Amino acid sequence: MELFALSAAEMVRGIKAKDFSASEVFASCLSRIEALEPELSALLALTAGMGREEAARIDGMIARGTDPGPLAGVPVVLKDNMCLRGVPATCASRILEGWIPPYDGKVAELLAGAGAVFAGKANMDEFAMGSSTEFSAFHPTSNPWDTGRVPGGSSGGSAAAVAAGYAPLALGSDTGGSIRQPASYCGLYGLKPTYGLVSRWGLVAFASSLDQIGPFARTVEDLALLLSVIAAPDARDGTCSPRERPDYAAPLAAASLRGKRIAVVKELDAMRSSVDPEVLRVLENTLNLCREEGAEIVEVSLPVSLEFGLPCYYILAPAEASSNLARFDGVRYGLSCREDSLLDLYLTTRGAGFGAEVKRRILTGTYVLSSGYYDAYYLTAQKVRSLMKAEFRKAFGRCDLIALPTAPTPAFKKGELVDDPVRMYLADVFTLPVNLAELPALSLNGGFTGGKKPLPVGVQFIAPQWGEPELLNAAAVLERRLGKAPIAPLGAATEGGNAP
Amino acid sequence: MTFRYIPVIGLEIHVQLSTATKIFCPCSTDYIGAEPNTNVCPVCLGLPGSLPVLNKRAVELGVRAGLALSCTIRNHTVFHRKNYFYPDLPKAYQISQYDLPLAEGGEIYIPGDDGRPRRIRITRLHLEEDAGKLVHSAADGRLEGAAFSFVDYNRGGVPLAEIVSEPDITSPREAREYVARIRQTVRYLGVSDGDMERGSLRVDANVSVKKTDETSGEVLYWGERTEIKNMNSLRAVERALEYEIIRQTGVLAEGGSLERETRHWNDGEGITTSMRSKEAANDYRYFPDPDIPPIVVTEELLESTRNALPELPWAKERRFAGEYGLPEADAAFMAESLPVALYFEECVKNGAAPLRAANWIRTEVFRVMNEKGLSMDSFPVKPSVLAELVALVEGGKLSTTVAREVFAHLAEGRSLKDALPAAGASPGGLSAEDVEKMVDRVLLANGDVVEEIRSGRDPKGKKIKFLTGLVMKEARGQADAAAVSGILERRLGEGR
Amino acid sequence: MTISEKDVRHVADLARLRVEEKEIEPLVRHFEAILGHFATLSRAREEGRLNLDGVDPFLFSEREAPPLREDEPVRSAVRDDVLAAAPERKDSFFVVPRILEEE
Ligand SMILES: [Zn+2]
């Protein structure tokens, strides 16, 4: 097996045992990237030089007998909306083209401190607004399972990179499903943590009250490993919880799901017609496995979240975005179309710098906050959000986890929805209630569609606040039944996992 | 019908809080004279990915000011975003407070135009961040053509408390008194240095004029209000409002109408000019800042802040008048600032008569301070020393003239022991015996005058005054003139 | 839900976004779709399926916030990098088209 195909945990063990070096691992990943990137376009920047140096430094530490940390020598890909000092962070937008952050985000600091090696910055929908990565201002990304399809979004580049074996780990950000939906489309584990578990310092904001950074991985062990590194308090983020983080490796040892109550959602029944039958079949199958592992399947009701979550999300997220994206004005950094008047500097820079979807959301957000509409839209949506939180709280009185499809369909074809943004928004219907309710949720690959080109299909588990250990517990038990997430069958070397 | 035009004035005062760091980032607030864009970081430059974290001290200072102004402090307070584009606002929104301000519903008393205390209600006090500075010429003062403006974010993010009054102020003089009172209060509290010229206390005025029936008092017409900006001194506040009220009254008296607008006070020309009218009014799209959790003001913080409040200026004035019998003006003068009040009380504690001590401070101490550009804290004459000097004068042992000379030496940094002889004064003053001897000497040397007086040729007492003057001269003023003339009269009477 | 072209232009103005003439019409339709979708809420409220009476819109108090920042200065190192990359700079100032002081 080639080194790039190892899990992060295997890489760490091998590097620490001196079976191979961090430099060899990095070189293997680099050649994998170079071989597949022309086909996938998953990255916006490759940090080969930086990564080589860092890998050599890790090897030096190993040689001297110093522990480089829990991610010693593991290549990691960051979504391009995260600040890594000295490496461009464009958010896949023309308005930030060429902007080089002069500081490290909290997750970058934590990863570097844990011995991780940065491999590159991943493509995304511009400012994380989208569900297909087609709204990147630079280029779309292909789904490694079927390059004619999208990898999902907005963290599509991160998901494609891990699914293709560029690196065993990547970080994405999830505002309405942007980690879980691409994890589903690319057959990976993707975790959206409880709001406030991971610091947002250095994450370019889309919707501040919904954004969370989270991990992609091909094994549950890796997912827990990366989560343990990034889940830390941070005094620079007033919304980052100061609470102590539990040991995320501990729940992996669970023998079964005995005693766990896993809930299906009553309202899903009425929505069956708008969900792909393959998605329902995979969900059903996964629930059967849960039952076989000793879980009790119960039913809860989430009427407000499933009916009104979507319209509320598309009021609240644009509202916050309209304000968060106002700072891109051509005065201090990024694109600046110099004009003779201040007004023209603003209008031209922002008109030229933002893509169509970002403009739509900025304008919607501006509208719903503007004088005379605030109460009718923003405030009402906030009230519904409160109801959703209460509704989930009530549901968790009757269960430990809630199971839902991650997305209504498997990966769709490139170009299929790009001209119908509102229909694309539907891809988030099962994921965004989780962000509105500030909960953690995990998407795992529950199986594949039939047919000539099987596509992965994700299942989403939702836990109460700070319930990440519960999610990892269930995922670890199911991984033993379903197998690890495979590297997509692309190029030469594809081994391991449960490839169909 | 005759009309009376009554001004209605409300003030918004922005006070820079005396914190070491900015309100949402750990950059220094020490921007005066700093090179442009040096006290900056990802947060106050609005870099992508940066987040604000509230400065605890700013909240504490806000609570302190709120309590001193008798406001109710909210136990949950929220920051909002005020969205608008301007180059001095790096995030294109100002973090401020909207419908849930830190403090509300306070009051303060000022001397009213009728001489009686007037209550001015405080609508609210809220916290917000300052904007950066726009410079319209280069750092060296050169106008860099007319094509550009320059932006410096050193001031951006400095904490401000905005204190908003109700429209309870009815004259420019009252407005001035109100601003002076607020400034004095924030200085007392150590909440701000309140320096208007350097912009750490900035005043905007909302002023309108209502037309009333002179006899019935019935309001016939409310003029639209204007907002006046750029008043950089107490005097400017008063002058700008005087001008604006006359302008508005003039327009109304001629049957014209006013529009709601912002006007700029031009101190040099003594006029206000229109800046922008209501049409351009912005829609700020306020909403709660999702980056900043609501601030919980604990009962504990309220209690400790309340207990740590200093005696406030108005209480001190009352006490000085009551306890020390100072006239109102003197009491106000002694209580004007905390260092002066402390100096005065220290003098009194060291035995100085309050009235005389107050007099000395108002005149001599302030004269020397102004001449030498000193502050009360660095003043070389310690209050205990001034107390000794005042006691000597009070006890008749030193004339005011000589004491002033002694004081001049003290102000040069000499000790009292050295200053007295340097001014030709006897440290212990003159004994009664000394004075008798001087009188003897004068009488002996002026036998002809003595003769004239004794023979009744001094009906107007001119000659006896002449002799008194001679004795006083010999005594270098250290004798009491009335006592000397008493002795003289007695002695001249003896020989008759 | 009726949205006019004027509404879209006004909002674009507030957001300082130059919007081309040909973009206006699609934006009007987009607004109508989004806000129309949201209108299902009003219908549900009328039908009694959704009750928002007395609902607190901001459940902020549920959050565990870190303590406020102590008032201790820290000097940031980003200044030189930021100025060096500024779109337009004069000495250590950022430069913008001239604004009249009264603007
Ligand atoms: Zn700063």
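Visitor: What makes B:Ser96 count as buried or exposed?

Guide: This is a predicted model, in which local features need pLDDT of at least 70, side-chain atom pairs count only at pLDDT 80 or more, and totals for chains, interfaces and linings use all residues. Residues are numbered from 1 along each chain as its sequence is written, chains are lettered from A and ligands numbered from 1 in the order in which they are written, and side-chain values use heavy atoms, with hydrogens and water left out. Buried means under 20% relative accessible area, exposed over 50%, and partly exposed in between, with a 1.4 Å probe and protein chains only. B:Ser96 has a relative accessible area of 2%, and is therefore buried.

Visitor: Where in chain B is B:Ser96 found, and which residues does B:Ser96 touch?

Guide: B:Ser96 belongs to strand E5, residues 93–96; helices (H or I, at least four residues) and strands (E, at least two) are DSSP runs numbered from the N terminus. Not counting residues up to four places away in sequence, B:Ser96 touches B:Phe79, B:His80, B:His126, B:Leu127 and B:Glu128, where contact means heavy atoms within 4.5 Å. The C-alpha atom of B:Ser96 is also separated by 9.4 Å from that of B:Asp130, 34 residues apart along the chain.

Visitor: Why is A:Ser370 called buried?

Guide: Its relative accessibility is 3%, so A:Ser370 counts as buried. A:Ser370 is placed in the loop between helix H11 (356–369) and helix H12 (375–395) of chain A. Leaving aside neighbours within four places in sequence, A:Ser370 is in contact with B:Asp283, B:Arg285 and C:Leu14.

Visitor: How do you know what radius of gyration to expect of chain A as a compact globule?

Guide: The radius is taken over C-alpha atoms, and the globule rule is 2.2 Å times the number of residues to the power 0.38. For 500 residues a compact globule would have a radius near 23 Å; chain A has 21 Å, and therefore agrees. The C-alpha trace of chain A spans about 65 × 55 × 50 Å along its principal axes, and buried residues make up 71% of its 500 residues.

Visitor: What does the globule rule give for chain B?

Guide: A compact globule of 496 residues would have a radius of gyration near 23 Å, but chain B has 31 Å. The C-alpha atoms of chain B fill a box of roughly 100 × 60 × 55 Å, taken along the principal axes. Of the 496 residues of chain B, 54% count as buried.

Visitor: How many disulfides does a search of the whole structure find?

Guide: The search finds 0 disulfides over all chains. A:Cys83 is in no disulfide, and the nearest cysteine sulfur, that of A:Cys91, is 7.7 Å away; a disulfide is a pair of cysteine sulfur atoms within 2.5 Å.

Visitor: Why are A:Cys83 and B:Cys71 called buried?

Guide: A:Cys83 has a relative accessible area of 1%, and is therefore buried. B:Cys71 has a relative accessible area of 8%, so B:Cys71 is buried too.
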